[in-house]
Amino acid sequence: MKWIFPLLLLFVCCKKTDDNGYTVYKIKKGEHRSVYSYNRLSENTYYLECIFDESAIYTSIDPNNQYDINKLWGLSDCNKHHMKNSIRFGWRWLNDSLEIHWFKHEESKFTHEKIACIDLNEKVFLSLNITQDEYQLSVNGKTESTSRACSKDYNKYKLYPYFGGDEVAPHDITIKIKEYYK
């Protein structure tokens with residue numbers, strides 16, 4: 001019976017692929033998640049293209065939550081649950097700008113740092129490279145690095161677009177992502 005829940009997660013998704021090969025993720029108003037799915041990954045280098053439209057513009061109910069980092073794409077690491085160890089690209093709308101951050105859970109504590117500001121309705125090129133000691137995350141060629149909690153090569157699982165911390169999406173949010181693995 002333990003296998004039923006992961007199997008169901010594979011089929012309960014809110015995503016589609018458009019004519020340009022982008023997977024279209026929609027976080028519906030009042031929700032956090034765009035997808036309920038479990039996909040294992042084993043690569044250490046990932047390339048992505050993403051496009052945010054005007055739906056990425058939002059105002060939090062609690063002004064302090066405007067500083068929260070929403071999640072774009074990432075993966076678990078160190079053979080642990082993603083709330084224990086993971087690395088992601090995150091985003092937020094702050095001061096009339098769309099910021100892209102790295103967002104890391106390490107031993108259940110999270111940290112983040114802004115990598116770049118991006119334009120709406122433009123292709124953004126992202127890459128993530130995992131080494132024994134660190135994560136290297138790039139946005140349109142600008143790279144930031146952060147330490148890694150483990151040094152072995154582990155299987156990982158993919159993390160999908162997610163809005164908020166304690167607030168849910170104030171309206172439907174659409175994000176397009178195209179993934180390349182090497």
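Me: Before we start, what counts as a disulfide here?
Reply: A disulfide is a pair of cysteine sulfur atoms within 2.5 Å. This is a predicted model, where local features need pLDDT of at least 70, side-chain atom pairs count only at pLDDT 80 or more, and totals for chains, interfaces and linings use all residues. Residues are numbered from 1 along each chain as its sequence is written, and side-chain values use heavy atoms, with hydrogens and water left out.

Me: Great, how many disulfides are there in the whole structure?
Reply: The search turns up one. Cysteine 78 pairs with cysteine 150, and their sulfur atoms are 2.1 Å apart.

Me: And what does that pair tie together?
Reply: Cysteine 78 lies in the loop between strand 5 (70–76) and strand 6 (85–94), and cysteine 150 in the loop between strand 11 (142–147) and strand 12 (156–159), so the link joins parts 72 residues apart in sequence. Strands here are DSSP runs (E, at least two residues), numbered from the N terminus.

Me: Are cysteine 78 and cysteine 150 buried or exposed?
Reply: Both are buried, meaning under 20% relative accessible area, with exposed over 50% and partly exposed in between (1.4 Å probe, protein chains only).

Me: How accessible is cysteine 50, and what about cysteine 117?
Reply: Cysteine 50 is buried at 1% relative accessibility, while cysteine 117 is partly exposed, with a relative accessible area of 43%.

Notes:
Helices (H or I, at least four residues) and strands (E, at least two) are DSSP runs, numbered from the N terminus.
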